[in-house]
Amino acid sequence: MAVLLSYLAAALWVLRTGRGIAQLLMLTYSTLLAFVGLELFVRAAWPADSLVKVAPLPPGMRVPIEDTEGKLPGILPGAMFSVNRLGLRAPEMDFEQLRGTDVKILFVGGSTTMCPDVDDEDTFPWKLMEILSERLEKNVFVGNGGRAGLQAAHHARLIELYDATSEFDWVVVMCGVNDWGHFLDGRHEEMRDAARDMIVEAWRDPLVRPVYVYYRKLRIVEGLEAAWQSRPRRGSRRAAMIGFTSEVVDFCRADRRTSLRERPITEMPEEMEEMERIYREDLRDIIVTARARGVKLLMLTQPVLYHDDMPAELSELLMGVLESRGALVPEIAARINRRMNDVMIEVCREEGTDCLDLDAMLPKDTTVFFDDCHFNVSGCRRIAEILADHFAPQPGDSAPAPRDERPVPPADQRET
């Protein structure tokens, strides 16, 4: 609009004075010709698929994680949260380098996948990349596309919309706790129904907002926006989005203690069957979407710290509260999570999809968790080792055959 108004003002002045008409026409057409030439050059030198238009996290993001003063067991100070140009928490990588990599794995999930309180290189996807590179003696890239607060329906939309999904060999999805937590808190349906819109709003930042004007389709404009999007970002506003702060930890734990006294939830919710039905549908949506994008899928059950007869020192670490209902006692939270994990295992068996019951493989203590479900540094190492044994078993280990490669039995012969 500014360029158009400037041109019209210049044209009006030339017509009124009667001078410079030839010069204005020469400037106009030479500018247009130069712009068209530049656009063609950029299109040839910068293909459209080199630009990330939909990404799990804002590319170029880089913020320090605030020290929680030892209030989170196994969390080390001085951690950094950074995002590469592909919108992943991983080493720097572009499309061309990604295509030349031997083994490529994309992780999708919520905050337990994101590992927002752990340094980049201590997250379990990053550790898995290091272990697999050594074991396989190949060039391995593992990208962490986890984002806090999202549930299964969002993961399906990310797999569908993310530009780079089809470039990966595997997609690994860990989910469950946000699904049952949001459902019991009365927020699940609203978030699930708005999954696609939430992806657009959260991950088009601002490069990927819908294109309604023609000039945004120009490769020059896309390139400028990509460069702006990839700039380093620092500052307290961004940092506040990542991880817990010391004050938040104190508040959440105090809030849970109060809720346990005043509104304890000691019985299984009546709506479990409906919650399981919706979760089953969302998991199948993830499987169908991954197959449509041509990637192998591995699903992970959601590990949690909750278990029966939790000692006081572990119970004091919990922070989870259902704002609309109260606080679940650990025994009930453990049973709910186990039932949701069983749904995942059943769906994967029925659909012929790989699934690891990660929840059953991890100890429920501070060697893995620092709160209800988030992993500390040693927990990330342990998860990376489990996943490495799945993707690249040690000599002598028996590796499970990928379920995606097994024939799926007829419906009347499947286990129930």
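**Figure 1. Helix α7 crosses helix α13.** A crossing is right-handed if the near helix is turned clockwise from the far one by less than a right angle, and left-handed if anticlockwise. The crossing of α7 and α13 is right-handed. This is a predicted model: local features need pLDDT of at least 70, side-chain atom pairs count only at pLDDT 80 or more, and totals for chains, interfaces and linings use all residues. Residues are numbered from 1 along each chain as its sequence is written, and side-chain values use heavy atoms, without hydrogens or water. Helix α7 covers residues 177-184 and helix α13 residues 272-292 (DSSP runs numbered from the N terminus: helices H or I, at least four residues; strands E, at least two). Their axes come within 11 Å and cross at roughly 140° (lines fitted to C-alpha atoms, for helices over the stretch in contact; angles from 0 to 180 degrees between N-to-C directions). That makes α7 oblique to α13 (under 35 degrees is roughly parallel, over 145 roughly antiparallel, 65 to 115 roughly perpendicular, the rest oblique). From α7, the contact takes in Asp179, Trp180, Phe183 and Leu184. They meet Glu274, Met275, Ile278, Tyr279 and Asp282 in α13 (heavy atoms within 4.5 Å). By class, this contact has 6 nonpolar, no polar and 3 charged residues (nonpolar: Ala, Val, Leu, Ile, Met, Phe, Trp, Tyr, Cys, Pro; charged: Asp, Glu, Lys, Arg; polar: the others, Gly among them).

**Figure 2. Helix α5 packs against helix α17 in a contact between their side faces.** Helix α5 holds residues 124-136, and helix α17 holds residues 377-391. Their axes come within 8 Å and cross at roughly 45°. That makes α5 oblique to α17. The crossing is right-handed. On the α5 side, the contact is made by Phe124, Lys127, Leu128, Ile131, Leu132 and Arg135. On the α17 side, it is made by Cys380, Ile383, Ala384, Glu385, Leu387, Ala388, Asp389 and Phe391. The contact of α5 with α17 divides into 10 nonpolar, no polar and 4 charged residues.

**Figure 3. Strand β5 is joined to β3 and to β7.** Strand β5 runs over residues 170-174. Of its 5 residues, 5 are buried, so β5 is largely enclosed by the rest of the structure (buried is under 20% relative accessible area, exposed over 50%, partly exposed in between; 1.4 Å probe, protein chains only). Side chains in a regular strand alternate between the two faces of the sheet. Trp170, Val172 and Met174 point one way from β5. Val171 and Val173 point the other way. Strand β3 (residues 103-109) runs parallel to β5, with 5 bridges joining them (strands pair if DSSP finds at least two bridges between them). Phe107 has Val172 of β5 as its bridge partner.

**Figure 4. Strand β7 is joined to β5 and to β9.** Strand β7 spans residues 296-300 and is mostly covered, with 4 of its 5 residues buried. To β5 it is joined by 5 bridges, and the two run parallel. Val171 has Leu297 of β7 as its bridge partner. Met174 stands opposite Leu300. Strand β9 (residues 354-356) also runs parallel to β7, through 3 bridges. Here Leu298 stands opposite Asp354 of β9.

**Figure 5. Ile21 in helix α2.** Ile21 lies in helix α2, residues 21-45. Its relative accessibility is 41%, so Ile21 counts as partly exposed. Ala11 is 10 residues away along the chain, and the C-alpha atoms of Ile21 and Ala11 are separated by 8.2 Å.
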